[in-house]
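Subject: Structure handover

Hello,

Here is the structure, with its sequence. My notes on what was found follow below.

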Amino acid sequence: MQTEHLLPDQMGMARAAILLAAGQVMAIPTETVYGLAGDARNGQAVARIYQAKGRPSFNPLIVHVPDMDAARSIAQMSPEAETLAAAFWPGALTLVLPLRPDAAIASLVTAGLDTIAIRVPAHPVAQALLRLTGPLAAPSANASGRISPTSAAHVLDPDGGLDGRIAAVLDAGPCPVGLESTIIGWPQGCATLLRPGGIPAEAIAATLAHPLADHHADPAAPNAPGQLTSHYAPQAPLRLNAPDPTPDETHIAFGQPGPFTLSETGDLTQAAARLFDTLRRADREGRPISVAPIPDHGLGAAINDRLRRAAAPRG
Ligand code: TXA
Ligand code: MG
């Protein structure tokens, strides 16, 4: 398959809508990372997503919709879900909610669960596309277990990317947030942080006016998000919390200058936006990688989560 390179102009948007309506899958920009999108109502399109990613089929997908009304037609929004949606949508927040029995969503999207992960993305190109297509299922547009893409070049990376495996990539430049969405669910009735991400957990707890419940990773329950041990994995071994690089390491700095710094000034938002691109560039040096300590608050918690997964033993 020849992967088409589309720009978000009138022609590119129209072509993207045609491909998606025909059940093809393609990479689309969001403010967090590029997503590998397919029509969420079309089981065959959803199957193509799993196939292109090489993703284990028990791992359910996020559905992207243009607005809250569209979300309400697919999921049951509790009062707390409404509060979070009003505060953070459109944006980098995904809510895991009960799936409405009458929702026209292919069952492969939820991998048979009776809940659905749903998000209203803020990226103007994603917004415009969703208004042409209806709900799009989209995991991050990387092969399963690899680093999430924050540019079209990452999506098409000859080393482990999706070039030739998907119909097209809609190229809107780098993703402004650079980390996947924060995922909140209510598995035991209480709002629970299922995956740290682009919106700090502190901001969500403040909006709810109560702390979030802890999510204890259960390796026996692979449908909990992001719990596969090794995720976001570069090829090189990764040493974390390392202020002291050795001469044979590629060093990812924070709060200091350097060819692989996440932020010269110690800005966590900038570090999040640069994280995945920096990991890819450092990995291409072909040497072990060390990463400076990153503060564990705000977006730093999500950055450290991704770094721990990148450093985890490969499964
Ligand atoms: O920012 C993002 O969230 C990006 C962009 C493209 O929207 N998407 C993304 O999707 O990161 P993905 O598939 O790489 O991660 C979604 C996570 C997975 O870990 C999956 O297990 C979890 O969400 N998930 C999806 N549906 C779920 C459900 N019903 N219950 C629990 N977890 C669910
Ligand atoms: Mg992913």
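Ala209 is exposed, since its relative accessible area is 70% (buried means under 20% relative accessible area, exposed over 50%, partly exposed in between, with a 1.4 Å probe and protein chains only). Ala209 also has a positive phi of about 60 degrees, although it is not a glycine. Its place is the loop between H7 and strand S11 (238–239). Helices (H or I, at least four residues) and strands (E, at least two) are DSSP runs, numbered from the N terminus.

Before the rest, the conventions. This is a predicted model, in which local features need pLDDT of at least 70 and side-chain atom pairs count only at pLDDT 80 or more, while totals for chains, interfaces and linings use all residues. Residues are numbered from 1 along each chain as its sequence is written, chains are lettered from A and ligands numbered from 1 in the order in which they are written, and side-chain values use heavy atoms, with hydrogens and water left out.

Other loop residues

Asp214 is found in the loop between H7 and S11, and at 66% relative accessibility Asp214 counts as exposed. Asn241 sits in the loop between S11 and strand S12 (250–252). Asn241 has a positive phi of about 50 degrees and is not a glycine; its relative accessible area of 55% makes Asn241 exposed.

Nonpolar cores

A nonpolar core here is a set of buried Ala, Val, Leu, Ile, Met, Phe, Trp, Tyr and Cys residues joined through side-chain atoms within 4.5 Å. The largest one has 49 residues, and those with the most contacts inside it are Leu84, Trp89, Leu93, Leu95, Val109, Ile184 and Ile204. At least two residues of this core come from each of helix H2 (43–53), helix H3 (68–72), helix H4 (79–88), strand S5 (93–98), strand S6 (115–119), helix H6 (152–155) and helix H7 (201–208). Apart from it lies another core, of 25 residues, including Leu268, Val291, Ile303 and Leu307.

Leaving out residues up to four places away in sequence, Trp89 touches Met68, Ala71, Met77, Leu84, Leu95, Ile118, Arg119 and Val120 (contact means heavy atoms within 4.5 Å). The peptide bond that joins Trp89 and Pro90 is cis, with omega at about -10 degrees. Pro90 belongs to the loop between H4 and S5.

Helix packing

Two packed helices are described by the angle between their axes and the distance between the axes. Axes are lines fitted to C-alpha atoms, for helices over the stretch in contact, and angles run from 0 to 180 degrees between N-to-C directions. Angles under 35 degrees count as roughly parallel, over 145 as roughly antiparallel, 65 to 115 as roughly perpendicular and the rest as oblique. A crossing is left-handed if the near helix is turned anticlockwise from the far one by less than a right angle, and right-handed if clockwise. For residue classes, Ala, Val, Leu, Ile, Met, Phe, Trp, Tyr, Cys and Pro count as nonpolar, Asp, Glu, Lys and Arg as charged, and the others, Gly among them, as polar.

H4 and H7 pack at about 125 degrees, with their axes 10 Å apart, which makes H4 oblique to H7. Their crossing is right-handed. Glu80, Thr83, Leu84, Ala87 and Phe88 of H4 make the contact with Ala203, Ile204, Thr207 and Leu208 of H7. By class this contact has six nonpolar, two polar and one charged residues.

Helix H1 (residues 10–21) packs against helix H5 (residues 124–133) at an angle of about 50 degrees, and the axes are 10 Å apart; H1 and H5 are therefore oblique to each other. On the H1 side the contact is made by Met13, Ala16, Ala17 and Leu20, and on the H5 side by Val125, Ala128, Leu129, Leu132 and Thr133. Eight of these residues are nonpolar, one is polar and none is charged.

Gly12 is also found in H1 and is buried, with a relative accessible area of 5%. Beyond four places away in sequence, Gly12 touches Leu6, Leu7 and Leu170.

Helix H8 (residues 268–283) and helix H9 (residues 299–311) pack at about 15 degrees, with their axes 9 Å apart, and are therefore roughly parallel to each other. The crossing of H8 and H9 is left-handed.

Regards
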